[in-house]
Amino acid sequence: MARYLNPFTDVGFKQIFGQEMSKDILISFLNALLEGERAITDLVFLDKERLRQDKEHRGLLYDIYCTTDTGEHIIVEMQNKFQATFRDRALYYAATDIARQGIKGSDWNYKLTPVYGVYFLNFKFRETELAKLRTDVALADMATGEQFSDKLRMIFLQLPLFDLTEEECDTDFKKWLYVLNNMQTFDRMPFAAQKAVFDRLGSIAEIANMPKEERWAYEESLRIYRDNLAIAETEFNSGFAKGEARGREGQMCENIRAMRKNGFDDETIARIFSIPVDKVKSVR
């Protein structure tokens with residue numbers, strides 16, 4: 001059995017980055033990601049569920065949603081399965097957060113807080129021009145490349161394109177990606193002697209340190225992650241027959257019922273399976 005959590009699972013990702021007690025780990029990663037652009041000294045986790053304000057707006061559910069000590073809003077998402085409209089979804093999430101900053105009344109002067117979207121992708125974009133580890137998106141003049149506004153930033157990290165060895169990781173950002181890509185294979189946490197945050201990460205991410213209930217939830221999340229990975233690989237390589245599809249649908253329904261019995265809400269289940277919440281609610 002692995003010593004450390006798999007960070008690509010829903011439970012593992014939130015255990016590492018989404019807890020108040022371990023927010024220093026998220027701060028360290030974000031500072032490595034944004035080195036030279038932002039220096040975060042503190043952050044506050046916000047309500048991850050942004051309820052619909054009216055019938056025309058969809059509800060949003062983020063993996064991690066926080067604000068920094070200097071006011072930026074940061075959305076952090078892990079996406080394991082290829083989704084053709086994922087970039088549209090990422091833009092929708094960020095744009096909706098910008099739009100909801102509007103203050104009712106005549107005194108608001110349209111001053112906005114910057115919104116950052118950070119997206120971990122456990123797959124490769126299929127467009128050849130996007131075949132790179134990191135894609136940074138900002139609002140800029142198309143002719144000059146000069147930044148037009150700093151209010152919207154999106155960063156996409158295609159983790160399968162990271163292939164450096166431990167010895168080749170000469171920056172904190174590279175060290176973070178190496179650890180995330182390989183954590184479930186480690187017998188020891190690398191870089192712990194060089195940087196205290198990695199020693200702390202080892203303690204937070206060690207499966208043996210988890211309470212029994214949290215460990216059960218992680219094991220269920222890991223099983224679902226592996227099932228979805230196998231399904232995605234089968235679909236990509238050879239498609240699937242109708243009978244196989246019905247079989248997987250039945251297994252998914254069983255998984256949904258089991259997760260409900262163990263305290264998972266429908267929105268969380270929908271995120272783990274990457275399916276609409278209405279489909280989860282239809283399972284009885």
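At 63% relative accessibility, Y110 counts as exposed, where exposed means over 50% relative accessible area, buried under 20% and partly exposed in between (1.4 Å probe, protein chains only). Y110 lies in the loop between α3 (86–99) and β6. Its phi is near 70°, a positive value in a residue other than glycine. Most residues other than glycine have a negative phi.

F191 also has a positive phi, of about 70°, although it is not a glycine. The loop that holds F191 runs between α4 (172–182) and α5 (196–205). F191 is buried, with a relative accessible area of 6%.

## Basis of the values

The model is predicted: local features need pLDDT of at least 70 and side-chain atom pairs count only at pLDDT 80 or more, while totals for chains, interfaces and linings use all residues. Residues are numbered from 1 along each chain as its sequence is written, and side-chain values use heavy atoms, with hydrogens and water left out.

Helices (H or I, at least four residues) and strands (E, at least two) are DSSP runs, numbered from the N terminus.

## The sheet

An open sheet of 6 strands runs in the order β1-β4-β5-β6-β8-β7, with mixed pairing; two strands pair if DSSP finds at least two bridges between them. β1 (43–45) and β7 stand at the edges with a single partner strand each, so one side of each has no neighbour in the sheet. From one strand to the next, the twist averages 20°. Axes here are lines fitted to C-alpha atoms, for helices over the stretch in contact, and angles run from 0 to 180 degrees between N-to-C directions.

Helix α1 (residues 10–17) packs on the sheet and touches β1, β4 (64–68), β5 (73–79) and β6, a contact being heavy atoms within 4.5 Å. The direction of α1 makes about 150° with that of β5.

## Strand β8 and its partners

Strand β8 (residues 147–158) pairs with β7 (residues 134–140) in the antiparallel sense over 7 bridges. In this pairing, R134 has L157 of β8 as its bridge partner. β7 and β8 form a hairpin with 6 residues between them, and G145 in the turn has a positive phi of about 80°.

Strand β6 (residues 115–121) pairs with β8 in the parallel sense, also over 7 bridges. The bridge partner of V115 in β8 is L152, and Y116 stands opposite R153.

N122 is in the loop between β6 and β7. Its relative accessibility is 16%, so N122 counts as buried. The residues that N122 touches are F8, Q79, N80, P160 and Y225, not counting residues up to four places away in sequence.

Two of these contacts are with polar partners: the side chain of N122 makes a polar contact with the side chain of N80 (3.0 Å) and another with the side chain of Y225 (3.3 Å). A polar contact is a pair of N or O atoms within 3.5 Å; within protein, one must be able to donate a hydrogen and the other to accept it, and residues adjacent in sequence count only if both atoms are side-chain atoms.

## Enclosed helices

In helix α2 (residues 23–33), 9 of the 11 residues are buried, so α2 is largely enclosed by the rest of the structure. The buried residues are K23, I25, L26, I27, S28, F29, L30, A32 and L33.

Helix α8 (residues 266–273) is mostly covered, with 7 of its 8 residues buried. These are D266, T268, I269, A270, R271, I272 and F273.
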